[in-house]
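Trainee: I would like to learn how to read the packing of helices in a model. Could we go through one together?

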Amino acid sequence: MLYCPYGRSSAPPRAGTPYFSRFSKGAFPMPSAAVGSTDLFKILTFNVRRDGWFSRGVNTWPIRQQLISRVIRESGAVVVGVQELLPQMRDDVQHSLCGYSIFGLGRIGGPLGEHSDILIKDDDTEVLRHETFWLSKHPDVCATRAYYSFFPRICTVGEIRFRSTGRSV
């Protein structure tokens with residue numbers, strides 16, 4: 001299970017909140033078997049930082065995109081979580097990282113707005129299911145916000161299966 005903090009708080013969600021109950025009911029159950037050394041795989045998370053008014057010179061997306069693609073490729077990570085990914089940035093990452101699938105929705109729904117997507121290395125894995133939901137009172141309603149949040153907050157989760165072992169996470 002991937003944990004997404006609620007708004008700015010780093011405390012885990014409380015029982016009874018809409019998105020906590022979604023996981024506690026087994027939508028994406030945790031594996032019950034102990035993890036052995038053959039079951040280990042790399043996970044990488046990357047805040048790609050959207051371009052803003054102050055992005056100039058070496059801080060612009062075309063320069064950072066090369067670095068981000070190189071770091072992801074060289075890490076050998078099977079699962080990569082990315083934040084603040086705008087639609088054009090998503091296209092650039094997808095084209096520069098052959099061998100990775102990418103899934104997730106933008107915070108205002110569909111391909112629009114900032115994304116918190118997941119990339120999966122295609123070599124030995126397949127995506128069984130995935131979803132993006134909004135961290136709000138109505139997580140299934142597109143672009144909904146929590147009470148005092150200026151922007152909609154999203155979380156993307158997925159389940160992948162390793163072809164070599166048949167195990168899923």
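Trainee: How many helices and strands does the secondary structure of the chain come to?

Mentor: This is a predicted model, in which local features need pLDDT of at least 70, side-chain atom pairs count only at pLDDT 80 or more, and totals for chains, interfaces and linings use all residues. Residues are numbered from 1 along each chain as its sequence is written, and side-chain values use heavy atoms, with hydrogens and water left out. The chain has three helices and six strands, taken as DSSP runs numbered from the N terminus (helices H or I, at least four residues; strands E, at least two).

Trainee: At what angle do the axes of α2 and α3 cross?

Mentor: Two packed helices are described by the angle between their axes and the distance between the axes. Here the axes, which are lines fitted to C-alpha atoms over the stretch in contact, with angles from 0 to 180 degrees between N-to-C directions, come within 10 Å for α2 (residues 61-75) and α3 (residues 87-96) and cross at roughly 40°. That makes α2 oblique to α3, since angles under 35 degrees count as roughly parallel, over 145 as roughly antiparallel, 65 to 115 as roughly perpendicular and the rest as oblique.

Trainee: Which residues make the contact?

Mentor: Contact means heavy atoms within 4.5 Å; W61, R64, Q65, S69 and R73 of α2 meet M89, D92, V93 and S96 of α3.

Trainee: Which residues of α3 are buried?

Mentor: Buried means under 20% relative accessible area and exposed over 50%, with partly exposed in between (1.4 Å probe, protein chains only). In α3, M89, R90 and V93 are buried, whereas Q88 and H95 are exposed on the face turned away from the buried side.
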